[in-house]
Amino acid sequence: MRIALFEPEIAGNVGAILRLGACLGASVHLIEPLGFVWDDRRVRRAAMDYIDHVSVTRHAGFDAFRETVAGRLVLLTTKSTQSVYDFRFAPDDILLFGKESAGVSASVSATCDAHLRIPMRAPVRSMNLASSAALVLGEALRQTGSLPA
């Protein structure tokens, strides 16, 4: 299972997702441009020493990402009606999360194999990026029998 972050803007979210990937065994792909300086100390502070236990790959843009990373691309979006709980994940899926302020472009969305949403109460718009990644990755790993012991 892999996590891909499309143009993430907040260093703390990326750090928390790197830590999540280290703990649950998921690699993390960062699709540039990033909204912060990569050596930003906030990334390392959030990821702590877990950053040394996760595979992180940076890609110059979405096209470069797709040229080098194969697999079913599963977009998490508030614009979908299909719940993550009604979807059958596969062990080599790529969970794609858009940037915090705007998600992904229509052209990126059009290339995705599935569009899913996290069910939530109507008055709220969305969860924090790192919280969303944790919830979806946990469900995907549970479904595929890939949770660490």
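Select F62 and F65 in helix α3: being three residues apart, they are separated by about one helical turn. An α-helix has 3.6 residues a turn, so residues three or four places apart point the same way. Helices here are DSSP runs of H or I with at least four residues, strands are runs of E with at least two, and both are numbered from the N terminus. The model is predicted: local features need pLDDT of at least 70, side-chain atom pairs count only at pLDDT 80 or more, and totals for chains, interfaces and linings use all residues. Residues are numbered from 1 along each chain as its sequence is written, and side-chain values use heavy atoms, with hydrogens and water left out.

Rings of Phe, Tyr and Trp (its six-membered ring) pair if their centres lie within 6.5 Å; planes under 30 degrees apart count as stacked, over 60 as edge-to-face and the rest as tilted. By this rule there are three aromatic pairs. One of them is F6 with F62, edge-to-face, at 6.3 Å centre to centre and 70° between the planes. F6 lies in strand β1 and F62 in helix α3 (residues 62–68), so this pair ties together parts that are 56 residues apart in sequence. F62 and F65 form a tilted pair, with 5.9 Å between centres and 45° between planes.

Buried means under 20% relative accessible area, exposed over 50%, and partly exposed in between (1.4 Å probe, protein chains only). F6 counts as buried at 6% relative accessibility, and F62 at 12%. F65 is buried as well.

**The sheet**

Now select the strands. They form an open sheet of six, in the order β3-β2-β1-β5-β4-β6, with parallel pairing. Strands β3 (56–59) and β6 (114–116) stand at the edges, each with a single partner strand, so one side of each is left without a neighbour in the sheet. The twist averages 25° from one strand to the next. Two strands pair if DSSP finds at least two bridges between them; β4 and β6 pair in the parallel sense over three bridges. To locate this pairing, pick L75, which stands opposite H115 in β6.

Two helices come next. Contact means heavy atoms within 4.5 Å. Axes are lines fitted to C-alpha atoms, for helices over the stretch in contact, and angles run from 0 to 180 degrees between N-to-C directions. Helix α1 packs on the sheet, touching β1, β2 (27–31) and β3, and its direction makes about 170° with that of β1. Helix α5 also packs on the sheet, touching β1, β4 and β5, at about 160° to the direction of β5.

**Helix α1**

Select residues 11–24. This helix has 14 residues and reaches 20 Å from its first C-alpha to its last, close to the 20 Å expected at 1.5 Å a residue. The expected span is 1.5 Å times one less than the number of residues. Its buried residues include V14, I17, L18 and L20. Just after α1, G25 takes a positive phi of about 80°.

**Helix α5**

Select residues 129–143. Helix α5 has 15 residues and reaches 21 Å from first to last C-alpha, close to the 21 Å expected. At its start, a side-chain oxygen of N128 reaches to within 2.8 Å of the backbone nitrogen of A130. Among the buried residues of α5 are L129, V136, L137 and L141. The buried residues of α5 pack against β1 (2–6), α1, β4 (73–76) and β5 (94–97). The helix is followed by G145, whose phi is positive, near 65°.

Terms used. Polar contact = N/O pair within 3.5 Å; in protein donor to acceptor, adjacent residues only side chain to side chain.
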